[in-house]
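Dear colleague,

Please find below the structure that I am handing over to you, with the sequence alongside. My findings follow directly after it.

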Amino acid sequence: MTYIQLSYSDLALPALLVVMNGVLSIALHLKLERHLAVATARMLVQLVLVGYVLTFLFATVSPFWTAITALIMVLFASREVVARQKRRLEGLWTYGLGAGCTLLAAGTVTVFALFTQLRPEPWYHPRYALPLLGMVLGNTMTGISLGLDVLTNGVTRERAAVEAYLALGGTRYRALLPVIRDALRSGFMPTINGMAAIGLVSLPGMMTGQILAGVAPTDAVKYQILIMFLIAGGTGLGTLAAVMGGGRLLTDHRHRLRLDRIGIDAAR
């Protein structure tokens, strides 16, 4: 198996495409050139650092360093979940719910794949564990953030209907069920759309990378199917846990709505 090696100088010409976008932004007064420059710089720094970190991890093959790296990835993902919320849960649950559900879903699915399908030796080898976790984590993060955002906004918007249902003796689960369903649909939809379009509309990055590295297309397809199944499972599990957990946090054991937990005055 052979692949075409690239040097950093080989990236100079493609970088002009990004410069072209900056020039268009200036010419059309889009005011995006600064954001484009910052995003490009962040991408370059982050990817170069990741390259060196992964080189170290692959050389050491330490369960400790693999676990630390995975934990850092989960913490950054939970921060992104919070950053994408218009109305955030307050207190410990600001980060706790997103981090816990992300770790539960992505971690469970990744360990499942390592033990049952890939079976590397050792099972925690970072060459397999971290790329798998990263792909599942990114999609799970998106599902959780969308689900929680729709949940908190939906409960706020449907406050009167939810409180009326609760006042008539309904349980908090039944009162929140329409909003929960909308939140779950929103969380699941990106993964469903991705699965429907993959292959015909787009060739995913992992599959393309394997083909460029010399892997037979039929083998690359098998890996990509495995990844999509893992992503679907992780997104489903994480979104369900986050939305159901968020629903419980927005109510209490006496079946009362607790919008104060997202910074809304209950008297309003």
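In this predicted model, 22 residues line the largest pocket, and those nearest its centre are Gln46, Val50, Ile72, Met73 and Phe76. Two or more lining residues come from each of helix H2 (33-60), helix H3 (63-83) and helix H5 (126-157). The volume of the largest pocket is about 920 Å³. Sorted by class, its lining consists of 14 nonpolar, four polar and four charged residues.

The position of the largest pocket relates to the division of the chain into domains. The domain assignment gives domain 1 as 7-60 and domain 2 as 62-264. Because both domain 1 (7-60) and domain 2 (62-264) contribute residues to the lining, the largest pocket lies between them.

In terms of contacts, five residues of domain 1 meet eight residues of domain 2. The count of salt bridges between domain 1 and domain 2 is zero. Between the C-alpha centres of domain 1 and domain 2 there is a distance of 27 Å.

As for the overall architecture, the chain has nine helices and zero strands. The C-alpha trace spans about 70 × 55 × 40 Å along its principal axes.

Most residues other than glycine have a negative phi, and most peptide bonds are trans. His29, in the loop between helix H1 (12-27) and H2, has a positive phi of about 55° although it is not a glycine. The peptide bond that joins Glu121 and Pro122 is cis, with an omega of about -5°. Pro122 belongs to the loop between helix H4 (93-118) and H5; helix H5 (126-157) is also among the elements that give two or more residues to the lining of the largest pocket.

With kind regards

Note on methods. Residues numbered from 1 in each chain as written. Predicted model: local features only at pLDDT ≥ 70, side-chain atom pairs only at ≥ 80, totals over all residues. Heavy atoms only, no water. 1 Å grid on protein atoms, 1.4 Å probe; cavity = no way out; pocket = protein on both sides within 12 Å on 5 of 7 lines; lining within 4 Å. Points joined across faces, edges and corners; volume = space filled by probe spheres on them. Helix = DSSP H or I, 4+ residues; strand = E, 2+ residues; numbered from the N terminus. Nonpolar A, V, L, I, M, F, W, Y, C, P; charged D, E, K, R; others polar. Domains from an automatic or database assignment. Contact = heavy atoms within 4.5 Å. Salt bridge = Lys/Arg side-chain N within 4 Å of Asp/Glu carboxyl O.
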